[in-house]
Amino acid sequence: MKNMHKIGRLLAVCLIAVLAVVTLGGCGQSEKFAGHWIGYGKTGIYGNKDMAYDITIEKNGKGYIINETNNYWDDLDTTNTFFKNSPKKVQMKWVTQKNENLVGTVKDNNLAINGSNWFFTYKENDGTLQLTLESFNLGRQTIQLHKAKDGELDEFKNKGKEELVNKYKSQDYNIELQE
């Protein structure tokens, strides 16, 4: 009878330990997606423009709310080629495209945006997110996202502006900026 009590206690302790591991092991798992993330990719018809993906993910009950902003410099050559000696002109515009209040759900370590082919995968080894998406002109893309740093988007904007200005100045273009 004593042995039965010992076995019963041992079994109860093991069961409690297993339940604790399962319960605590799940804590925080769904929160790993939440936060402010940023990553870089390409855009444009030919994939020739650098773009920043600025993404905020918030836990909302059992799901998530995702706000995504794409930012890039768009440059358009507006030279009038009809006249032979027409001055070369370029318009540079900072473009911000927003997709707000997107709803997402988690399944198998992926956060999928409902109604789209976009999804995020959390990378345990380095604490980053991988955004997988498809676009009509560039096909399937994978964008590495990391936790955003203060001023990072402004740094991207200023660097891109400087590179484009230098490119067009070296070719004697008149530059029109729209920020």
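Two exercises with worked solutions follow.

The model is predicted, so local features need pLDDT of at least 70 and side-chain atom pairs count only at pLDDT 80 or more, while totals for chains, interfaces and linings use all residues. Residues are numbered from 1 along each chain as its sequence is written, and side-chain values use heavy atoms, with hydrogens and water left out.

**Exercise 1.** Find which residues of the largest nonpolar core touch the most other members.

Solution.
- Step 1: A nonpolar core is a set of buried Ala, Val, Leu, Ile, Met, Phe, Trp, Tyr and Cys residues joined through side-chain atoms within 4.5 Å; buried means under 20% relative accessible area, exposed over 50%, partly exposed in between (1.4 Å probe, protein chains only).
- Step 2: The largest such core has 20 residues, and Tyr53, Ile57, Phe120, Leu131 and Leu145 touch the most other members.
- Step 3: Its largest share, 4 residues, comes from strand E2; strands (E, at least two residues) are DSSP runs, numbered from the N terminus.

**Exercise 2.** Describe the salt bridge between lysine 49 and aspartate 75.

Solution.
- Step 1: A salt bridge is a side-chain nitrogen of Lys or Arg within 4 Å of a carboxyl oxygen of Asp or Glu. Here the closest N and O atoms are 2.8 Å apart.
- Step 2: Lysine 49 lies in strand E2 and aspartate 75 in strand E3, so the pair ties together parts 26 residues apart in sequence.
- Step 3: Lysine 49 is buried at 14% relative accessibility, and aspartate 75 is buried at 17%.
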